[in-house]
Amino acid sequence: MSDDLAQFRATIRTWLEQNCPEEMRDGAVGEDSTCWGGKNWNFTSDAQKIWLERCAAKGYTVPTWPVEYGGAGMNREQEKIWLEELRAINGRLPLQSFGIWMLGPALLHFGSHEQKLHYLPPIARGEIRWCQGYSEPGAGSDLASVQTRGEDKGDHWLVNGQKIWTSYADKADWIFALIRTDREAKKHLGISFLLIDMTSPGVSTKPIRLISGKSPFCETFFDNVEVPKEQIVGTENRGWDVAKYLLTHEREMISGSGMLAGSARSLGAILAEDGGLDEPVLRADVMRAEIDGLAFGLTLERYKDQAEAGQGTGDASAMLKYMGTELNKRRQELVMAGAGSDALSWEDERAPHWLRSKANSIEGGTSEVMLSIISRRILGLPG
Amino acid sequence: MLADAARGFLDDAAPLTKLRGLRDAGKTHDPALWTEMAQMGWTGVLVPEEAGGSDMGHAAACVLAEEMGKTLAPTPFLSTAVIAATALRQVASDRATAALSKIADGTVTYALAIDEGKKFDPETVELTAEKDGNGFRLSGRKRFVVDGGFADRLLVLARTDGGLTLFDIPADRAGISRNATPMIDSRDAAEIDFDKVEATGEDVLGQVDAAMTVLQPALEAGQAALAAEMTGLAAGAFGMTVGYLKERKQFGMLIGSFQALQHRAADLWCECEVTASAILHAGRMLDSDPQAATLAVSLAKARAADTAQRAVQEGVQMHGGIGMTDEFDMGFYMRRARVGAEWLGDYGYHAGVVARLRGF
């Protein structure tokens, strides 16, 4: 077994050596450094385009997806090796997207074979970019009270309403959305999970400016939008099941922001480099954050291993989301404190990152919603 | 598996009433319990099979320590089965093998005499071992010697001409006087005076002036197991607290239905989960790559100290007044958490180790 993995590692290493363009080996993690894909994507360099195409051809953009849907069919051990080898050459990820992190896993679980064949390969190749239509002005933490409605018109739904916090809606090609298709049923039982082409007549978007300056968030409006009946995932009025499943993946994705605070880079070492740790109280706070970050990183690994072994993280993803995002907010505060007045200019990238991090414990379910999920579903405390 | 088996045994042989009973009887140790653990192979968990041990490794030792922590089983497991056994394993000699087999069969207990000041600081040693003919004379005082009141043998860290040396001597040797400390956790500890205590070259564990070669691995093994014990302690206190939230009524409803308490309990559960990951990692590192385990061990000890102390403080607060009574068990958890946080290095000590190894 370990011989097989060693062989696998050697294969990956050789392939990376021969195929990853030099320009993609700078470890850059900026907003556009990694391709987001989609028809509206402007490649920042030829190398970025070549890198995507080479990886997509091997299924490396979505390593664990089945080969027939555009993946490489790797197991978790192999995926770890792929990521380790990529990190070893400081390589950028070839592609990132909500299609990969959120819709893909939901489709793999709930979609029909035809839907998987139709929607997954374009995500894997970076051809179609997806956004998420969940929250509404009146449905934040109480997500199941969404009001955007879909009227049954025989061969299609007629969708009217408004979504908010639709990240990158202005750049996305398609949206997956929670639409109320039964207004009489109890609120969790009248929602359907629909896939909507953003170029459909009646869809419009408007960006939202955040405290951190520019932001990817938008409002998205639906004005008599016709959505064909086959563009539903799962059963009609049972979209909440899909939504919940997808939310656990979203939470795991967001909790990854706390992972950055863990094993990858030592915050203390970064701050100490330019004398930012001379102050003893700050130094003590950084030591605590370092310890908690490392332990959280180990927890993320432990849960991923459990998931691989078939013990799904499920409700426990609420813990990862809560701990990861609170940790990242702490880390960002410490980065600002360590940088002092150096970080107070809009020309410095630290301030926007610090401000943006404040949303981490709100988006994808607030910290308080996570704690309530844990207390009811894991601890069994009365509702 | 191992955890379940251990739990089954401990629920029978060492529930929390065991420690309470010993305390009420003015005792700190139960030799019969130790003998039972020896029969199950626990005292030899880190003893090689050729010396009669079960040699299950550090991860297994941590599992046992964690289960003992859940009910505060009063045993010299850490001093003897983990710390002394690990130290003895670093030495290849017939004498060390014989000592290991006595640990495995449960006939000898050990205590580590290392602290002299109020904080863990193994490099600062005043107790001297002066050359005397072919041997040494040990003079000085050790304090907070855990299990030192009853242990059969002592591992004593002493200053020699060119550095530090570790001695393995019987606790009843002439010149040694032991004063038991009445500890808040109802466990055993002693202050020990050494008045020109004779030691031969045979009593040196490892090499003269090179104590750390033997002691460092033993300390790390002990720190990891203590962290595991404290994680078990936190789980025990937390389980008790959640149980109480589900049965206590005020204002006509279960207090566990109040969001203020739910969120505190959920937050604490998250802390326990994260700490559990650090403990697992430390045990695995000690088994797979002991030379590189220092970071993992200090991370585990720091997290465990923090989590255990939070768990007991939240435990008392969420229990309300009854949590303050001696009749209730939470006080036992709280007092042991305080002692465990201090022993073998507190949060600050281990945070310093982590910072150094992480480059700042």
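Let's start with chain A: buried residues make up 54% of its 383 residues, where buried means under 20% relative accessible area, exposed means over 50%, and partly exposed is in between (1.4 Å probe, protein chains only). What you have open is a predicted model, in which local features need pLDDT of at least 70 and side-chain atom pairs count only at pLDDT 80 or more, while totals for chains, interfaces and linings use all residues. Residues are numbered from 1 along each chain as its sequence is written, chains are lettered from A and ligands numbered from 1 in the order in which they are written, and side-chain values use heavy atoms, with hydrogens and water left out.

**Stop 1: all of chain A**

Switch to a cartoon view. You'll find eleven helices and eight strands in chain A; these are DSSP runs numbered from the N terminus, with helices being H or I of at least four residues and strands E of at least two. Along the principal axes, the C-alpha atoms of chain A fill a box of roughly 65 × 45 × 45 Å. How does the radius of gyration of chain A agree with that of a compact globule? With 383 residues, such a globule would be near 21 Å, and chain A has 21 Å, so the two agree. That radius is taken over C-alpha atoms, and the globule rule is 2.2 Å times the number of residues to the power 0.38.

Now think about who touches whom. Of the contacts in chain A with a separation of 6 or more, 71% are between residues 24 or more positions apart; a contact means heavy atoms within 4.5 Å.

**Stop 2: Ser192(A)**

Select Ser192(A), which sits in strand β5 (residues 191-197) of chain A. Is Ser192(A) buried or exposed? It counts as buried because its relative accessibility is 0%. Leaving out residues up to four places away in sequence, Ser192(A) touches several others, including Ala177(A), Ile232(A) and Asn237(A). Show the side chain of Ser192(A) too: it reaches the backbone nitrogen of Asn237(A) at 2.8 Å.

**Stop 3: Thr124(B)**

Hop over to chain B and pick Thr124(B), in the loop between β1 (110-113) and β2 (128-132). Thr124(B) is partly exposed, with a relative accessible area of 43%. Which side chain makes a polar contact with the side chain of Thr124(B)? That's Asp121(B), at 2.6 Å. A polar contact is a pair of N or O atoms within 3.5 Å; within protein, one must be able to donate a hydrogen and the other to accept it, and residues adjacent in sequence count only if both atoms are side-chain atoms. Leu164(B) is 40 residues apart from Thr124(B) along the chain, and their C-alpha atoms are separated by 9.4 Å.

**Stop 4: the loop between α10 and α11**

Next, go to Asp346(B), in the loop between α10 (330-342) and α11 (347-357) of chain B. A polar atom of the Asp346(B) side chain lies 2.9 Å from the backbone nitrogen of Tyr349(B). Not counting residues up to four places away in sequence, Asp346(B) touches Lys119(B) and Ala341(B).

Leu344(B) is in the loop between α10 and α11 too. Leu344(B) is buried, with a relative accessible area of 1%. Check its backbone: Leu344(B) has a positive phi of about 60° although it is not a glycine. Most residues other than glycine have a negative phi.

**Last stop: Phe144(B)**

Finish in strand β3 (residues 135-146) of chain B, where you'll find Phe144(B). Phe144(B), not a glycine, has a positive phi of about 50°.
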